[in-house]
Amino acid sequence: MRELYLSVADTAAKLLAAPEVADGWHQPSALAKLSVQGLAGHLAGQVFFIPTVLAEPVPTEPAISIHEYYARVSWIGSDLDTPFNQAIRSGGEEEAADGPAALAARVAACVEELRGILPTAPDRLVRRPTWGPWSIRLDDFITSRMLELVVHSDDLAHSVGLPTPQFPAPAVETVVDLLSRIALRRHGATNVLRALSRSERAPASISAL
C-alpha cells in the first residue's frame with residue numbers, strides 16, 4: 001500500500017507541475033466554490049499530511065478500521081457551506097498561497113522525503129485534530145490519502161482541460177473498493193446493485209462522497 005501511495009503521490013506531483021495548472025490558477029475549478037488554486041492546495045495537502053502525522057505523538061484514542069472511519073466522519077454528503085467545508089476551501093487556498101511553482105516544488109520534495117522514510121515507518125496509530133475520539137492505523141491513513149489523491153487529481157485535471165492521470169490498477173481498485181463501501185452505506189444495497197448491473201432501474205446517483 002505504501003508503494004502504491006508513493007506512486008500515486010508522484011503522479012499527483014507531476015500534475016501539479018503542469019503548465020495548464022499554473023495557467024488556470026485563479027479560475028474556478030470543477031468543484032463548486034473552489035478555485036484551481038484552492039483545489040491544488042487541497043490536493044497537495046494529501047501529501048503533506050503524511051510527514052505531519054508521523055511527526056506527532058502516537059495518539060491514545062482507540063483505533064478504528066478505515067471503513068468505520070468513513071462511517072463516522074461528518075463531512076460526507078455535507079452542505080458546501082458547513083464550517084468544515086469552508087475550512088477545506090480556505091485551507092487549500094492558504095496552502096497554495098505562494099503560487100503554482102512553489103507548491104509543485106514543495107510537493108515534489110515531500111514525495112522524495114517520503115520515499116526515504118515511509119517504507120520503513122512502523123504502522124503506528126495516527127490521528128488528526130478534526131476527528132472524533134478515535135485514531136486509525138498509519139497504513140489505513142495512507143490508504144485514505146490515496147483515495148483523496150486519486151479523486152482530486154481527476155478533479156484538478158478536468159478543471160484545467162487535461163486528461164485524468166493514469167494510476168496503477170491496484171491503487172484504483174483500492175479506491176473503488178472504499179468508495180463502493182461508502183456508497184453502500186449512503187444509498188443502500190439495492191441502489192448500488194442496480195447502478196452497477198441494471199441501467200434501466202438505476203438510481204440517479206450512488207455518489208459515495
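What share of the contacts in the chain with a separation of 6 or more comes from residues 24 or more positions apart? The figure is 75%, where contact means heavy atoms within 4.5 Å.

Before going on, the basis. This is a predicted model, in which local features need pLDDT of at least 70 and side-chain atom pairs count only at pLDDT 80 or more, while totals for chains, interfaces and linings use all residues. Residues are numbered from 1 along each chain as its sequence is written, and side-chain values use heavy atoms, with hydrogens and water left out.

Now the overall fold. The chain has nine helices and two strands, counted as DSSP runs numbered from the N terminus, with helices being H or I of at least four residues and strands E of at least two. Their order along the sequence is α-α-α-α-α-α-β-β-α-α-α. The radius of gyration is 17 Å, close to the 17 Å from the globule rule for 209 residues, so the chain is as compact as a globular protein of that length. That radius is taken over C-alpha atoms, and the rule is 2.2 Å times the number of residues to the power 0.38. Along the principal axes, the C-alpha atoms fill a box of roughly 50 × 45 × 35 Å.

Of the 209 residues, 44% are buried; buried means under 20% relative accessible area, exposed over 50%, and partly exposed in between, with a 1.4 Å probe and protein chains only.

Ser 135 sits in the loop between β1 (125–126) and β2 (136–137). Is Ser 135 buried or exposed? Its relative accessibility is 0%, so Ser 135 counts as buried. Leaving out residues up to four places away in sequence, Ser 135 touches Pro 59, Glu 61, Pro 62, Ala 63, Ile 64, Leu 125, Val 126 and Arg 127. With Glu 61, the side chain of Ser 135 reaches the backbone oxygen at 2.9 Å.

Ser 180 belongs to helix α8 (residues 169–187). This serine is partly exposed, because its relative accessible area is 29%. Between Ser 180 and Leu 103 there are 77 residues in sequence and 32 Å in space, C-alpha to C-alpha.

Last, Lys 33, located in the loop between α2 (19–23) and α3 (36–55). Lys 33 is exposed, because its relative accessibility is 53%. What is the phi of Lys 33? The angle is positive, about 65°, although Lys 33 is not a glycine. For background, most residues other than glycine have a negative phi.

Key: Polar contact = N/O pair within 3.5 Å; in protein donor to acceptor, adjacent residues only side chain to side chain.
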